[in-house]
Amino acid sequence: MKHGEPRRRASWVDRAEWLGPLMIGPAVLYIVLVLGVPFLLALYYSVSDISMGSRTLGFVGLKNFASVIQTTKFQTSLWNTFVFAIVSQVLVMVLATVLALALSRDFRGKWFVRLLILLPWVAPISLGTIGWLWILDSTYSVINWTLEALGLIGPAGWYMWLGVPWLAMGSVITIHVWRILPLATVILMAGLTSIPHDIHDAAQVDGAGFSRRLFQITLPLIRPIALVAGLFGLVLAFTDMIVIFVLTRGGPYDTTQVLASLAFFTGIQGGDLAEGAAIAVFLFPLLVAVAIAFLRVARRAEVQ
């Protein structure tokens with residue numbers, strides 16, 4: 001009995017129908033606890049009248065969604081969310097493609113360039129954003145000081161990077177691009193390494209130049225993985241609020257307020273957990289629609 005028991009255990013673990021769920025089980029449990037439970041709790045709160053100071057909880061249906069959607073602040077935040085996400089992601093994908101193509105070639109100091117590119121993603125985002133807060137300060141901005149030293153602006157023409165609406169939105173988009181760019185670059189570099197060199201060699205022998213190889217070979221072949229990188233970037237842009245929270249807190253005049261930050265300020269700092277949860281839950285169908293659209297396009301690209 002004792003000699004046969006380890007053998008039976010080994011055969012049980014080696015069975016495919018048990019080994020697969022056993023290996024993926026911890027990841028599924030982590031996702032359920034970290035994402036599933038808060039999401040269900042947010043759904044429950046969004047149809048209730050819960051607040052930070054109340055001890056009772058009543059069902060109100062879709063009242064919170066109706067009251068939130070009618071506010072000007074929500075409509076402005078929804079528009080800002082799309083502007084912030086789409087503009088930043090377009091810039092990320094263009095710059096990431098350029099960097100990935102450059103880093104796929106051998107040159108002196110390549111390891112140092114890779115290190116500099118990865119630093120924004122490795123460093124804590126809150127710490128990096130605080131550094132940008134100093135850089136964009138209206139009084140001590142190193143950018144304004146440099147522009148004045150170059151003679152491009154005068155002493156009275158310093159920009160208030162976080163105090164003017166269009167400059168504030170441009171600043172938060174720029175810093176978000178700085179943060180997400182390393183992730184997209186690494187993903188696209190992985191896609192470039194999967195392209196066989198024989199294809200480029202054959203095209204070069206046939207007389208195809210760099211631009212023709214880029215637009216007719218490289219970009220079509222990495223399109224599926226580029227779409228995956230774009231999907232990850234859009235999800236992060238729709239749900240991220242750290243950059244806006246540290247830099248502008250949604251100002252000036254809610255011109256940089258997005259749905260994620262509005263949900264935080266309404267539910268946590270404002271104490272209205274029900275309306276904050278309703279704003280947060282409103283993001284879910286948007287993200288599902290974006291994910292389905294990207295995955296369908298990626299599947300068609302793989303088939304072609």
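**Arg 179.** I started here. Leaving out residues up to four places away in sequence, Arg 179 touches Pro 120, Trp 121, Ile 125 and Asp 240, where contact means heavy atoms within 4.5 Å. The side chains of Arg 179 and Asp 240 are joined by a polar contact of 2.8 Å. For polar contacts I used a pair of N or O atoms within 3.5 Å; within protein, one must be able to donate a hydrogen and the other to accept it, and residues adjacent in sequence count only if both atoms are side-chain atoms. Arg 179 sits in helix H8. Buried or exposed, I wondered about Arg 179? Arg 179 is buried, because its relative accessible area is 14% and buried means under 20%, exposed over 50% and partly exposed in between (1.4 Å probe, protein chains only).

**What I am looking at.** This is a predicted model, in which local features need pLDDT of at least 70 and side-chain atom pairs count only at pLDDT 80 or more, while totals for chains, interfaces and linings use all residues. Residues are numbered from 1 along each chain as its sequence is written, and side-chain values use heavy atoms, with hydrogens and water left out.

**Ser 171.** I stayed in H8, which covers residues 165-193 and also holds Ser 171. Ser 171 counts as buried because its relative accessibility is 6%. Which backbone oxygen does the side chain of Ser 171 reach? I found the one of Leu 167, at 2.7 Å. Not counting residues up to four places away in sequence, Ser 171 touches Leu 136, Trp 161 and Leu 162.

**Whole chain.** I counted next. The protein chain has 14 helices and zero strands; these are DSSP runs numbered from the N terminus, helices being H or I of at least four residues and strands E of at least two. For overall dimensions, the C-alpha trace spans about 70 × 65 × 40 Å along its principal axes. I then checked the radius of gyration: the chain has 25 Å, whereas a compact globule of 304 residues would be near 19 Å. That radius is taken over C-alpha atoms, and the globule rule is 2.2 Å times the number of residues to the power 0.38.

Of the 304 residues in the chain, 36% are buried. I took contacts between residues at least 6 apart in sequence, and 64% of them join residues at least 24 apart. The accessible surface is about 18800 Å², and carbon and sulfur atoms own 69% of that surface; areas come from the Shrake-Rupley method with a 1.4 Å probe, and for residues only the protein chains shown count as cover.

**Helix H7.** What caps the N-terminal end of H7 (residues 142-149)? I found Ser 141, with a side-chain oxygen 3.2 Å from the backbone nitrogen of Ile 143. Trp 145 lies within H7. I put Trp 145 down as exposed because its relative accessible area is 56%. Trp 145 and Leu 57 are 88 residues apart along the chain, and I get 54 Å between their C-alpha atoms. After H7 comes Gly 151, with a positive phi near 80°.

**The loop between H12 and H13.** I went here for the backbone angles. Gly 251 and Pro 252 are joined by a cis peptide bond, with omega about -5°. Pro 252 is in the loop between helix H12 (242-247) and helix H13 (259-269). Tyr 253 is not a glycine, yet its phi is positive, about 60°. I marked Tyr 253 as exposed because its relative accessibility is 75%. Asp 254, also a residue other than glycine, has a positive phi near 65°, and it belongs to the loop between H12 and H13. Asp 254 counts as partly exposed because its relative accessibility is 23%.

**Helix H13.** How many of the eleven residues of H13 are buried? I got eight, so I wrote H13 down as mostly covered. Among the buried ones in H13 are Leu 259, Leu 262, Phe 265 and Thr 266. Just after H13, Gly 271 takes a positive phi of about 85°.
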